[in-house]
Structure formats: structure tokens, C-alpha cells
Amino acid sequence: MNPTLTIATPEAVMFWFMAPLAVVAALGMLLVKKAVHSAILLAWVMITLAFFYIAQGALFLGIVQVVVYTGAVMMLFLFILMLVGVDSSDSLTETIRGLRPIAITAALGFGGLMVSLIGRATLGREAVGLEVANAGGNVQGLAQLLFSTYVWPFEVVSALLITAALGAMVLAHHQRTVARPTQREQAVNRFRSGSLASAAGLPGPGVFARHNAVDVPALLPDGSAAPSSISATLKARGDVIDSSAYQLDNVDTTVTEEK
Amino acid sequence: MNPYNYLYVAAILFTIGAVGVVVRRNAIVVFMCVELMLNASNLTLTTFSRINGDLNGQVVAFFTMVIAACEVVVGLAIIVTIFRSRRSSSIDDASLLKR
């Protein structure tokens, strides 16, 4: 009745090329320190899985994998990473003593069990392949199932999606506990708190007309650099140029105190 | 090559994801590892759908994707809420119930 499954050479080549890469990327996801790098490696694993789906005759799932996972879900992950702070790298110190060896031992046991189980189990019949099931088109076949056998789960899932969207909105909604300060209150606070120097605004970067880039700190009257003229992010990154090279030579920078 | 090789890859990816959930401390990375586990199970479903010549597995994998999308939306909203109150995305810092 059904033809037995034969896998063509191109698919085998694709599999042996992509599968080790996917496993290496997944391992790298565990080992890299920065969350952004983990996200990029995970995106690669998901693209590999999309290849596998399409190779296995699941055309619709392959496209959905790219659109939904690598498109929407990974974008959401990166968005939240930007919101929470890209610099928040994981502290790799163990908080529970001996957790890592136990986890790795358990994983080796679990993985070995799964792999040996798959290796020993047989279905008792030949693999069939999707040629017959996909004869009228993969999308058409899926639609037929989705809107006949699975129409009730389909509707329940749509309700779940709407509930999740509402839940995310409720969770992300931020209720103010105090009234937003008016411009007048902000101005008053600026003059009352700290020094009058900060009330007038921070000094801008750059030295005279010689170099006005944002990474060149302004010079104070005594010739030293003004740290408040540079953005804190640039300072943390170390992208600050020494501005003393742009000093005017014929300006007397010695400070004489007036009595 | 036989189609069971896809099952081995799925099992390995699932195991790696499970280790990541236990070992990593950043809540976002933990979430990504959960996604990896869901993806591995999807690969298993698709492979069995091919072995059996039956599209039901692909429909279930499609439902899994929808559930994963819901889970990510709510989970990331929870992470943002925790981050807003604790200024941290580490799962060790959300330990009020322990004390």
C-alpha cells in the first residue's frame, strides 16, 4: 500500500552538515556568558530546525518556524534584553553548591537513556514517508485536519492567545503611585537640590572650535578635562579621547586666585 | 541514513535545553533554554509524522508553536515586571517566598 521511505543523498548531506552545527550552537548557548550571544546561537538552532522541517516534508511548519520563532519570538527576546540591559551578563558562580556537576551527570544519564532508547526501539514496520499524505499539498492537508478534527483545539488555542496578549498587557502596565512632576516642580527641584552649577545644565563636550566630537571632554579653566561633559556610557566603554592635545597654545591656562 | 537520526538530534537538543534551565541564572537565558526544549519536541513530532506518513504530528507541532508563543509573551512580561521592582534579571534574586 504505502511506499517505504527512502532518503535521498542531498538530504543526508544536509543532515550531517547541519545537525552537528545545531548541537554545537546549542552547547555554545549554554557556555557563552552574554545573553545576546545566547540569543544569536538559539536563532541559528531554530533556523537549522526550519531546514530539517522543510527537508522532512513539513513545508508549512518550516516557514512558520522561520516567521514565528526566528522572526517574532527571537525579536521579542532581543527586545527584552535591550530593555533589561545588554550588559547584564550572567554571574557564572554557583549559588547552590554542587549544582553543576549534578546537573551534568543527570543530563548525561537522561541523554544517554533517550539515545539508547531510540537506538533500540523499533516500530515494527518500515518508515512510510509523507508522499501520500502530502499528495494534495502540505498546507492543504494540514488545513483539512485543522478545520475538521482539530477545530475545537484550534478555537481554544485562539482564546489562549488572546488571553496571553491581555495578560502581558496587564503585567506590563505600570500604575503611577505618585503624580508626575510638573515642569515647574522639576525646575524648582533642580535649583534646590545639589549645586547651582548643575542647575544651569552640564557642560558640552569639545574643545573650542578645534574638536567638537562627543568623545572629547571639555577643558576646565585649569586645563584639566571636565568629566561631566562626557556621557557616562562612553566613559564606561573607555571611548574617551584625551582633549589636552586640542588645547590652544597661546592661551594662558594658569589660574591666579584673586584676593 | 534513516529518519531516526532526526530523533537523536532532538533528544540531544532537549537534554542541552534541560541542562541550561538548571544551570543558567539569567532568567532570559533560562527562557531561551525552555524554547530550545520545545523546539526539540517539535522536531520529534515532525519526524514521527514523516515516519508514520500521517499529518497529525505536524498539526500538534503547530499547536506547540502557538503555546510557545503565548508562554514567551507572558513569561517575558513577568521578567520585565520583576526587573522593574528588583533591578535584576537573575532568577536568584526573586526569592521573596523563600524567607
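**View 1. A:Phe77 meets chain B.** Beyond neighbours within four places in sequence, A:Phe77 is in contact with B:Ile28, B:Phe31, B:Met32, B:Glu35, B:Val72 and B:Leu76. Contact means heavy atoms within 4.5 Å. The model is predicted: local features need pLDDT of at least 70, side-chain atom pairs count only at pLDDT 80 or more, and totals for chains, interfaces and linings use all residues. Residues are numbered from 1 along each chain as its sequence is written, chains are lettered from A in the order in which they are written, and side-chain values use heavy atoms, leaving out hydrogens and water.

**View 2. The largest nonpolar core.** This core holds 66 residues. A:Phe52, A:Met74, A:Phe77, B:Ile28, B:Met32 and B:Leu43 touch the most other members. H3(B) supplies the largest share, 12 residues. A nonpolar core is a set of buried Ala, Val, Leu, Ile, Met, Phe, Trp, Tyr and Cys residues joined through side-chain atoms within 4.5 Å; buried means under 20% relative accessible area (1.4 Å probe, protein chains only). Helices are DSSP runs (H or I, at least four residues), numbered from the N terminus.

**View 3. A second core.** Eight residues form a separate core, among them A:Ile7, A:Ala127, B:Tyr4 and B:Ile51.

**View 4. The salt bridge between the chains.** The count between chain B and chain A is one salt bridge. The side chains of A:Glu11 and B:Arg50 meet in a salt bridge at 2.9 Å, N to O. The term requires a side-chain nitrogen of Lys or Arg within 4 Å of a carboxyl oxygen of Asp or Glu.

**View 5. The chain B side of the interface.** The contact takes 66 residues from chain B and 83 residues from chain A. On the chain B side, H3(B) gives the most, with 22 residues.

Notes: Buried < 20%, exposed > 50% of the residue type's maximum accessible area, 1.4 Å probe, protein only. Helix = DSSP H or I, 4+ residues; strand = E, 2+ residues; numbered from the N terminus.
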